[in-house]
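The stops below go from one site to the whole chain and then to its confidence.

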Amino acid sequence: MRAVEIQEYGGPEVLRVVEAEAPAPGPGQVSIDVAYIGVNFADLKARADGYRVPALPFIPGLEVSGRVRALGAGVTGFAVGQEVAALTQGGAYADVVVADAVTVFPLPAGVDLRTGATLPTVLPTAYALIHTVGRLQPGETVLVQGAAGGVGTVLGQLASAAGAGAVYGVVSSAAKAEYAREHGYDEVFVTSSTTPSFAKEVRGATDGRGVDLALDPVGGETLRASLDSLAPFGRLVSFGNASGAQPWQVGQPDLYPLALSVSGFSILTLAQTSPSELRALTERAFRTVVDGVVSLPVTAEFALPDAAEAHRLMGARTSTGKLLLRAHGTDGAADLA
């Protein structure tokens, strides 16, 4: 089979296409003939910084769609040839991948393989941020960093569907702001992670009150500005550290005056610590696609050997929506929606 491998850390050019033996599933695992692979910012951090890379060489990739190839010992509830989506701990940039059965999900009726590849990381993450961790209530206001990205696109729709009083987004360009407004956002602020000036703008938009829920994948000074944007009894949820800043700490002097709370979420960590909770969360999240509550546009698609081009596009911070790799078909052309 073909795989895209990292043999050293660096820029997109270190992604190399290699021939490898197709992996066989172990006990409790499923092997999948891959159709599509979701590209995530975590893949870029793995390639550049070794994020969640146990050793080199390493095949990146956290989510796929495809058809069940084989079942490991003890696995029930799946059939060879069944269409599924899966969350992996790596290895997804390949024609065949192995995943723990608990993180393999049958595709609901009406959801095709291309759409299926957009779901395993983005949709449960967004659902958890709004409903499980963020506990958004009707009429409350929401602030989302990275509003035009994959998770941000879904967050805007889920927050609107949950009856948010207003949904505010933060993006890095006017083009991204326009895109975000088409996906559930009422007002979008254009700023950057190096000059996170949105806190003052949020206060202005909310008549000085601030927002009830702030969702932040950036970290660093942006996380601090998100905390400064909260209303009394507001909640801040950190779900990433795209800035690469040192771990940030908050203490009693920050939280007591307005009775604020801070929490965190990582779908990859949840998959390791409580896969049964992840499965229940994912099943609820997938229903929002079936019911037409949310959709996640695929804005660029690349053949598997062109994974470096997908990384360049995402790394330039100009992309919106979801980027995919095709595991079958090698014409090498990017298909921009």
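The largest cavity has a volume of about 80 Å³; a cavity is a set of points on a 1 Å grid over the protein atoms alone where a 1.4 Å probe fits but cannot get out, and its volume is the space filled by probe spheres set on the points, which are joined across faces, edges and corners. The count at 30 Å³ or more is one cavity.

Select its lining (residues with an atom within 4 Å of a point): A42, D43, A46, Y51, R52, F58, P60, G61, L62, Q89, G90 and L268. Seven of these are nonpolar, three polar and two charged, with Tyr, Ala and Pro among the nonpolar types and Gly counted as polar. Next colour helix α1, residues 41–49, which gives three residues, the largest share of the lining.

This is a predicted model, in which local features need pLDDT of at least 70 and side-chain atom pairs 80 or more, while totals for chains, interfaces and linings use all residues. Residues are numbered from 1 along each chain as its sequence is written, and side-chain values use heavy atoms, without hydrogens and water.

Now show the whole chain as a cartoon: eleven helices and 15 strands, as DSSP runs (helices H or I, at least four residues; strands E, at least two). Its C-alpha trace spans about 60 × 40 × 35 Å along the principal axes.

Colour by pLDDT, the predictor's confidence in each residue, from 0 to 100. The chain mean is 93, and 96% of residues reach 70 or more. Finally select residues 329–337, where pLDDT stays under 50. Where pLDDT is low, the predicted coordinates should not be read in detail.

Methods:
Contact = heavy atoms within 4.5 Å. 1 Å grid on protein atoms, 1.4 Å probe; cavity = no way out; pocket = protein on both sides within 12 Å on 5 of 7 lines; lining within 4 Å.
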